[in-house]
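Brief remarks come first, followed by points grouped by topic.

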Amino acid sequence: MSNLQPPAHSEEIKVDFPAPHVLLLTFNRPKSLNAMTPQMTDSLKRLLDWFEKEPELWCVPSSLVVIVTGQGRLFCAGADLLQWNKNQQSGNSNEEEDIVGNEHGFGSISRRASTKPIIAAVVGGAYGGGVEMILNCDLVVASEDAKFALPEVKRGVVAIQGGQSFKKIIIVKRRLASEMLLLGRTITAVEARDRFGFVNTLVPARRVLPAALDMAKQIINNSPDAVQSTKLGLILTQKHNVFDTVSIHASSPESKRVYGGQNIKEGLKAFAEVCEPRVFTITVIVGIITIHYYLL
């Protein structure tokens with residue numbers, strides 16, 4: 001992993017590989033509570049597109065995990081409202097085009113449909129677009145003192161870049177979604193976990209990143225084919241009915257890699273022999289390359 005060369009990016013995003021097969025992206029505007037800028041969004045788009053498509057990353061294998069976090073005392077305060085105000089007052093804002101033109105949503109994360117797992121490591125909490133990004137992450141570790149809010153209506157704007165759909169917490173039902181979206185009130189970390197259901201684990205602030213890394217390592221110890229195919233299934237359930245989800249998933253390249261690959265044989269053999277799988281492999285799209293890595 002250390003030999004990989006990420007694409008050029010702003011200093012407002014820090015890039016690290018804290019463990020084998022784990023990419024860590026850190027929002028790096030702590031003095032502005034990591035409020036999102038166009039430069040940050042552009043950097044995140046290039047980094048995440050590279051993460052998903054770069055052949056070297058596919059070779060590491062495809063269950064490689066992204067952790068996103070924020071430098072300082074807050075994960076992300078949402079949009080940079082001071083700059084937004086300047087644009088509005090000067091007549092230079094073009095919100096409709098910006099929203100539609102940003103394929104992957106706020107921070108290039110809130111509407112991103114990646115088949116690789118994304119974990120949010122949240123210290124302090126998040127607001128507005130910061131929450132919208134969290135809602136589209138697969139797993140969320142937050143500090144016990146974290147606060148969350150979608151306060152857009154209090155500032156005359158709309159949480160439309162991902163939060164309004166609330167698809168990641170659809171079990172919450174409309175009334176709870178409306179409580180955040182229409183009242184704009186701040187909720188606690190405990191409420192986010194127990195009532196709203198979009199936080200998995202609460203830990204002390206100093207344990208947030210280690211806990212997220214532990215989750216990433218647990219994912220990596222699983223079959224990369226099965227992880228990616230499962231993630232695709234989660235994405236499809238947000239877009240289609242049950243019948244279409246099953247049909248599309250069954251004919252997908254991800255599904256074919258599961259049932260036509262070596263990992264299913266290794267996993268089932270290990271179960272029959274009452275032992276851990278010795279090795280998992282993945283066949284990547286670039287040529288036909290089989291990569292082996294060992295589970296210790």
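In helix α8, the buried residues are Val 208, Ala 211, Ala 212, Leu 213, Met 215, Ala 216, Ile 219 and Ile 220. The model is a predicted one, with a mean pLDDT of 85 for the protein. It contains twelve helices and eleven strands, and 50% of its 296 residues count as buried.

- Helix α8 covers residues 208-220, and its 13 residues should span 18 Å at 1.5 Å a residue; the end C-alpha atoms lie 19 Å apart, which agrees.
- An α-helix has 3.6 residues a turn, so residues three or four places apart point the same way.
- The buried residues of α1 are Met 40, Thr 41, Ser 43, Leu 44, Leu 47, Leu 48, Asp 49, Trp 50, Phe 51 and Glu 52.
- One of these, Phe 51, has Lys 116 over the face of its ring, at 4.4 Å from the ring centre.

**Nonpolar cores**

- In soluble globular proteins, nonpolar side chains tend to be buried together.
- The largest nonpolar core has 46 residues, of which Leu 25, Phe 27, Val 68, Phe 75, Ile 134, Phe 148 and Phe 198 touch the most other members.
- Helix α1 (residues 38-53) supplies the largest share of this core, with six residues.
- Leaving aside residues up to four places away in sequence, Val 68 touches Leu 25, Phe 27, Phe 75, Ile 109, Ile 118, Ile 119, Ala 120, Ala 121 and Cys 137.
- Another core lies apart from the largest one and has 18 residues, including Ala 19, Val 22, Leu 24 and Ile 119.

**Aromatic pairs**

- The count of aromatic pairs comes to two.
- Phe 27 and Phe 75 form an edge-to-face pair, because their ring centres are 5.2 Å apart and their planes stand at 70 degrees, beyond the 60 degrees that this class requires.
- Phe 27 belongs to strand β2 (residues 22-27) and Phe 75 to the loop between β3 (65-70) and α3 (81-90), so this pair ties together parts 48 residues apart in sequence.
- Phe 27 counts as buried, at 0% relative accessibility, and Phe 75 counts as buried, also at 0%.
- The aromatic pair of Phe 148 and Phe 198 is edge-to-face, with 5.4 Å from centre to centre and 90 degrees between the planes.
- Since Phe 148 lies in strand β7 (residues 147-149) and Phe 198 in the loop between α7 (189-194) and β9 (201-203), the pair ties together parts 50 residues apart in sequence.
- Phe 148 has 0% relative accessibility and counts as buried; Phe 198, at 6%, counts as buried too.

**Contacts along the sequence**

- Among contacts in the protein with a separation of 6 or more, 65% involve residues 24 or more positions apart.

**Confidence**

- A pLDDT of 70 or more is reached by 86% of the residues.
- Over residues 58-63 pLDDT stays under 50, and the model has 25 contacts beyond four places in sequence for them.
- Over residues 285-296 pLDDT also stays under 50, and there the model has 31 contacts beyond four places in sequence.
- Where pLDDT is low, the predicted coordinates should not be read in detail.

Technical notes: Residues are numbered from 1 along each chain as its sequence is written. This is a predicted model: local features need pLDDT of at least 70, side-chain atom pairs count only at pLDDT 80 or more; totals for chains, interfaces and linings use all residues. Side-chain values use heavy atoms; hydrogens and water are left out. pLDDT is the predictor's confidence in each residue, from 0 to 100. Contact means heavy atoms within 4.5 Å. A nonpolar core is a set of buried Ala, Val, Leu, Ile, Met, Phe, Trp, Tyr and Cys residues joined through side-chain atoms within 4.5 Å. Buried means under 20% relative accessible area, exposed over 50%, partly exposed in between (1.4 Å probe, protein chains only). Helices (H or I, at least four residues) and strands (E, at least two) are DSSP runs, numbered from the N terminus. The expected span of a helix is 1.5 Å times one less than its number of residues. Rings of Phe, Tyr and Trp (its six-membered ring) pair if their centres lie within 6.5 Å; planes under 30 degrees apart count as stacked, over 60 as edge-to-face and the rest as tilted. A charge sits over a ring if NZ of Lys or CZ of Arg is within 6 Å of the ring centre and within 35 degrees of the ring normal.
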